[in-house]
Each structure stands twice: as C-alpha cells, then as structure tokens.
Amino acid sequence: MLIDWFTVAAQAVNFLLLIWLLKRFLYGPIIQAMDHREARIESRLQEAHQEQETARKEAAEYQRLNRELEEGRAEGLRQAAEEAALHRQQLIDQGRTEASELAKAWKASVCRDRQMFMAELKKRIGSEVLQIARKSLDDLTGCDLTTLLAERFIARFSALGETQQANCRVAAEKSGILVRSAVALGEDIRRNLENELRRVLGQELIISYRTEEEMPLGIELIFGGLKLSWGVDSYFNELEQQVDRQFEEIEAAAGDTGRS
C-alpha cells in the first residue's frame, strides 16, 4: 500500500486548521464566557459576604444598643424605686413631726388651761375660805382671822432655831424685809410683827409691806433669797397635786383610747 504523503499533509493541515478554528470561534468564546460568569459569581459572592458581614455587625450593634437600653431601663427603675422609697420616708417623717408638734401644742395648751384653772381655783377657794373663816370666827368668837393668823405667824417666827435666825439676819441686813399678805395688815398687827422682827433680826431693819389680792390667805416674809410663809398655800398645793393627778389620769385614759 502506497502512502500519499500529500494527502496526509493536507489532512494534517486541515486538522490543525480545524483545531485553530474551534479554538478561535468556539472554545475561546465559551471559555471567555465561563471566565466572565465565574468572575460575576465571585463578585456576587464577595458582595454577599460583605452584606453578611455588614448584617452581622448591624446585629451586634443592635444587640449592644438593646443591652444598653435594658440596662438603662433597669437603672431607671432602680432610681425611681429609691426616689419613691425616699419620698415615702420623707412623708412619714413629716407626718410624725407634724403629729409630734400637734401633740406638743395640745399638751402646752392643756398645761396653760390647767395652770389658769388652778390659779382661778386657788383664787376663788382662797376668797371663799377667807370670807367663811372670817365670818365664822367673828360670829362664834368675835376674833379677827387676820389678827390670829399674824399672831400665829409671829409665834412660829420666834420659834425658829438660832441657825435659821442667823441666816435670816444676814439676808435681811442686805435687802430688808418685804411683808406680803392677801389683805392689808392693821396697825396693831404691823407693830407687833415689826417689834418681833427687830428683836430677832436687828433694830435697823427696813420693813416694807405689799398687799396682793391674788395671793392666797396667809403672810410671807421675803428677804434676799429667803422666804418664810404661813398660810393656806400648803393646802392649796396639796389640792393642786390632787387635781394634777386627776388630769394625768384623764390624759392617760385619752391616750389609751386614741391608741386603741
């Protein structure tokens, strides 16, 4: 068999030409189109990755903001609760203070009323006792109550111990003696009283008198910081203490009723 080399060469050239043509007009555009598509896909993948990263960052930021909001809300609630508790305590303290002030004012008012009542009671009782005693003595014995009271006072003053008389003498020498009485003392009573005072305390003694209608029945000697009295004060004081105890029992009963 003879080989036609020309034909072989022609077939080889045709084959090479076919390959070039296929590469030039078929495989080349296809590979180029595939490269372009791969590039677009890679670009979209990168964009998707960037969008995913952006979404992740936005989600993290949202979570941070949400966490800060929750913390702020919790802090606000805590501060509001503390302010409410503080305001409530302030209202309670204010209420207690006002109640205490009202109680003090009420007690002061009761104390004033009680003092006024006792002063008026002592005045009226003293006046009534004085009138009754004077009238009774005058009707029964013909004696004057003031005279008897002064005589009794002089007798008690004369019976003072030496130490007491010495103290009275020192005080009287500095300031003199003030004689207080509920009614004006007569001349005979004054003379007897002055004679006894000067006999005990000294002849140069300065004696002054004062009549005070508000004073209970009795006589007082005031010299310096000392005071000697003889009258119904002690009885009035005992009466006042009894009335005070009655007031205290009434107040205690009112307090128990208020608390119940």
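Predicted model: local features only at pLDDT ≥ 70, side-chain atom pairs only at ≥ 80, totals over all residues.
The secondary structure comes to five helices and four strands, which run α-α-α-β-α-β-β-β-α from the N terminus on.

- The buried residues in α4 are I189, L193, E196, L197, V200 and L201.
- Seen down the axis of α4, these buried residues fall within an arc of 110°, so they line one face of the helix.
- An α-helix has 3.6 residues a turn, so residues three or four places apart point the same way.
- The buried residues of α4 pack against the helices α2 (145-158) and α3 (162-175), and also against the strands β1 (177-181), β2 (207-211) and β3 (218-223).
- On the face turned away from this buried side, α4 carries the exposed residues E187 and R199.
- After α4 comes G202, whose phi is positive, near 130°.

**Salt bridges**

- The structure holds 13 salt bridges, and side chains of opposite charge can pair when their charged atoms come close.
- Within helix α1, E53 and R56 lie three residues apart, about one turn of the helix, and they form a salt bridge whose closest N and O atoms are 2.4 Å apart.
- Both partners are partly exposed, E53 with a relative accessible area of 28% and R56 with one of 48%.
- E212 forms a salt bridge with R180, with the closest N and O atoms 2.4 Å apart.
- Because E212 lies in the loop between β2 and β3 while R180 lies in strand β1, this pair ties together parts that are 32 residues apart in sequence.
- E212 counts as partly exposed at 21% relative accessibility, whereas R180 counts as buried at 15%.
- E220 and K227 also meet in a salt bridge, at 3.9 Å from N to O, although E220 is buried with a relative accessible area of 5% and K227 counts as exposed at 52%.
- Salt bridges that share partners join R180, R210, E212, E220 and K227 into one network.

**Surface and contacts**

- The chain exposes about 19,900 Å², of which carbon and sulfur atoms supply 56%.
- A nonpolar patch on the surface is formed by L26, Y27, I30, I31 and M34, which together have about 490 Å² of accessible area.
- Y27 lies in helix α1, which covers residues 5-140, and Y27 is partly exposed, with a relative accessible area of 46%.
- Among the contacts in the chain with a separation of 6 or more, 75% are accounted for by residues 24 or more positions apart.

Key:
Residues numbered from 1 in each chain as written. Heavy atoms only, no water. Patch = residues over 30% accessible without salt bridge, like charges linked within 9 Å, V, L, I, M, F, W, Y side chains within 5 Å. Areas by Shrake-Rupley, 256 points an atom, 1.4 Å probe, with all protein chains shown as cover. Salt bridge = Lys/Arg side-chain N within 4 Å of Asp/Glu carboxyl O. Helix = DSSP H or I, 4+ residues; strand = E, 2+ residues; numbered from the N terminus. Buried < 20%, exposed > 50% of the residue type's maximum accessible area, 1.4 Å probe, protein only. Contact = heavy atoms within 4.5 Å. Arc of directions from axis to C-beta.
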